Amino acid sequence: MSFPRCALWWARLPAGRQVGHLTAVCSAFRAHIEPFPGFPGRVSALAASSSASGGSKAPNTSLFVPLTVRPQGPSADGDVGAELTRPLDKNEVKKILDKFYKRKEIQKLGADYGLDARLFHQAFISFRNYIMQSHSLDVDIHIVLNDICFSAAHVDDLFPFFLRHAKQIFPVLECKDDLRKISDLRLPPNWYPEARAIRRKIIFHSGPTNSGKTYHAIQKYLAAKSGVYCGPLKLLAHEIFEKSNAAGVPCDLVTGEERVTVAPDGKQATHVACTVEMCSVTTPYEVAVIDEIQMIKDPARGWAWTRALLGLCAEEVHVCGESAAIDLVTELMYTTGEEVEVQSYERLTPISVLDYALDSLDNLQPGDCIVCFSKNDIYSVSRQIEIRGLESAVIYGSLPPGTKLAQAKKFNDPDDPCKILVATDAIGMGLNLSIQRIIFYSLIKPSINEKGEKEIEPITTSQALQIAGRAGRFSTKFKEGLVTTMNREDLSLLKEILNRPVDPIRAAGLHPTAEQIEMFAYHLPDTTLSNLIDIFVDFSQVDGQYFVCNMDDFKFSADLIQHIPLNLRVRYVFCTAPINKKQPFVCSSLLQFARQYSRNEPLTFTWLRRFIKWPILPPKNIKDLMDLEAVHDVLDLYLWLSYRFMDMFPDASLIRDLQKELDGIIQDGVHNITKLIKISETRKLLKLESMSAGLSGTSRSQARRIRSTKNLGNKAAEPLSHGAGEKSLASTLVQQGLLTPAMLKQLEKEWLKQQTEHSKERTESESYSKGTRRKKNNPESD
């Protein structure tokens, strides 16, 4: 018989029979509460029985989000505790609880069970509210509280009940040891038993850009009976896919958003080109190629290279990348019992840093590439080049792959008048470009560190070498590469960066699997996915050769769709979908896709057309172009999800056709980008004019200020003061690169013409008004 039923039965006995059964009740009571360690002894007994928390690293308890434990309402069986003893005096109970909270021995004992000061305080507040607000308490705690009120028990006897409550609101406390075991990441090689079952040969092809290292690895890949190529970008996977099939080696393509099978019957080819995240670690191959291995240190994506390096089931694994990764790869392969053979290569064409900066865009030459690290700089430089009567191609990261290839083809075409390229570091890998001179517009690049914090620092030696190495490639007409900067003051820093030795790579990235997160969720079923990730990373144990990749993007998506009812595995897949969280439309699309999925409503072609408001008009300005890029990303997101949830995203082929059509619209927009920039700048200026008197004021003094810029030539305008310590709008725009002196001259002409026309119109209007008034005053004047 359970204790509550026993107690209820005893309470209903006639008074004369209760004494005879008192011993039985007390025995049942002891049996019910003895699972609590140390009860009913005092603090010394409790402390003796407490166990230290597992693991050597104390957890970050700020990640433990308390759950709500609601007070008990009226019981159908009545308040049994009160019937057994007497109703509790809540004022007395409050004094007992306050005394319990203040005891140093209790706080120390709580710490032994993982309750630091913060958790102890939160647990106590919840425990006190539960006791004070419940209509009826469980019999066991009611009896203990009653005994303490009558000095028949000690206040310390509340600890087992307090601990039980604390584990209810902080379930992590109950399963810390299990969670540490699940998140133990100290032996990643053991995660891939298929790869450990074979004796792999590891060949590291080391060298700078344009040294032929990847070429030699690909030759081995093409000569093998079966092979897999793992690249960092869709463009590179496409390139190998096309090369392989052109060489007569049937090859399939696998990326996050695309699957292409070359066999008419749909049978898988012996070779596959894929993005590194998509490689199979269970399929056997004769040769595997892992490109750009130095990205194993990437704070967000490094885990994919670690997985490929440790997990690919290939007889030969050819690794291509910088020499900085040799030591780390050797150490990692030592843990698998595999040796690394290093083949070193030298650059095929010379490259040199010029002793002079470009200084002015007037000094541009055919084959020049200006490298910027922001879209604003891309637009500004493109516009200034166009003003000089030159044509430029534009490549930046958020452009669709098809548009990047079209712009690259335009720049590489010897018969095309476009001979200047303006690009971000997106050209660092994945595109073959006919560049003679790389010009760094700036050396400062925003980046995200391993902690997920934004940093604005000079580019690293590795980044500088990767970008500079695009000049003078072996396959182009330029047999020597040149590198310089836009500004003279940056040149010495560039030389210093390029002359530094590349820091060796110290650690490889890791990432929790869906299975590990599911096991965490099993122990913490009421915890949000984002909070699960935080706790996992905090509990995880890695050795010095590894680090846990930054998961801020994953947590962003998890928080975004947290309120939508999805099972954990589906939620995990949605959160791993690659999205740009800076694009509001893409984020809202992920949310809408998840909501449709949760309703079991398929996302059809018709639905998606309506959602993106298709058909889409060509862009009229830069904002329109950026909106189209976001729509392209949404279609990418649909295709990515369609390969994970085919039933709910059924129209992948139709969406791909739609995306190709959109790609063409974006290509036309980028082809006319300088026109879009010009329109955008004009609208921006008109908007500013309406808000400020900077350019459209009616005072002649402002006109004189604008005229004073006539003699500036190609130099930046000097600050024009409106007052003490205040710059004019014109000088600010010039300083920010939004205006050039030539544009200021044109604006001055247009503004003066506008003012003349307005003045003429006012004069005519005033003359007409005076004439009308005269007619009214003298009716016979007609």
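How many bridges join β1 to β8, and in which sense do the two strands run?

Modeller: Five bridges join β1 to β8, and the two strands run parallel. This is a predicted model, and what follows is computed from its atoms. Within that pair, Ile-203 is placed opposite Glu-341 of β8.

The pair belongs to an open sheet of eight strands, ordered β4-β3-β5-β2-β6-β7-β1-β8, with mixed pairing. Its edge strands are β4 (259-260) and β8 (340-344), each of which pairs on one side only. Helix α13 (residues 213-223) touches β1, β2 (227-231), β3 (251-254), β5 (271-275), β6 and β7, and its direction makes about 160° with that of β7. Helix α14 (residues 234-246) also packs on the sheet, where it touches β2, β3, β4 and β5; the angle between its direction and that of β3 is about 165°.

Ser-206 stands opposite Gly-321 of β7. Strand β7 (residues 313-321) is mostly covered, with seven of its nine residues buried. Strand β6 (residues 284-290) pairs with β7 over six bridges, in the parallel sense. Here Tyr-285 lies opposite Ala-314 of β7. To get from β6 to β7 the chain passes through helix α15 (residues 302-311), and this β-α-β crossover is right-handed.

Six strands form it, in the order β9-β16-β13-β10-β12-β11; it is open and its pairing is parallel. Strands β9 (351-353) and β11 (392-395) are at the edges with a single partner strand each, so one side of each has no neighbour in the sheet. From one strand to the next the twist averages 20°. The partner of β11 is β12 (residues 420-423), and the two pair in the parallel sense over four bridges. Ala-393 is opposite Leu-421 in β12. Helix α20 (residues 488-499) packs on this sheet and touches β9, β13 (437-440) and β16 (481-485), its direction making about 130° with that of β16.

Two further helical regions complete the picture. The axes of helix α6 (residues 90-102) and helix α9 (residues 139-149) come within 10 Å and cross at roughly 90°. The two helices are therefore roughly perpendicular to each other. Glu-92, Val-93 and Ile-96 of α6 make the contact with Leu-145, Ile-148 and Cys-149 of α9. Of the residues in this contact, five are nonpolar, none is polar and one is charged.

The other region is helix α22 (residues 529-539), which is mostly covered, nine of its 11 residues being buried. Among the buried residues are Leu-529, Leu-532, Ile-533, Ile-535, Phe-536 and Phe-539, and also Ser-530, Asn-531 and Asp-538. The elements that cover the buried residues of α22 include α11 (176-182), α21 (514-523), α23 (552-560) and α24 (568-576).

Terms used. Residues are numbered from 1 along each chain as its sequence is written. This is a predicted model: local features need pLDDT of at least 70, side-chain atom pairs count only at pLDDT 80 or more; totals for chains, interfaces and linings use all residues. Side-chain values use heavy atoms; hydrogens and water are left out. Buried means under 20% relative accessible area, exposed over 50%, partly exposed in between (1.4 Å probe, protein chains only). Contact means heavy atoms within 4.5 Å. Two strands pair if DSSP finds at least two bridges between them. Axes are lines fitted to C-alpha atoms, for helices over the stretch in contact, and angles run from 0 to 180 degrees between N-to-C directions. A crossover is right-handed if, with the strands pointing away from the viewer, the path from the first strand over the helix to the second runs clockwise. Angles under 35 degrees count as roughly parallel, over 145 as roughly antiparallel, 65 to 115 as roughly perpendicular and the rest as oblique. Ala, Val, Leu, Ile, Met, Phe, Trp, Tyr, Cys and Pro count as nonpolar, Asp, Glu, Lys and Arg as charged, and the others, Gly among them, as polar.
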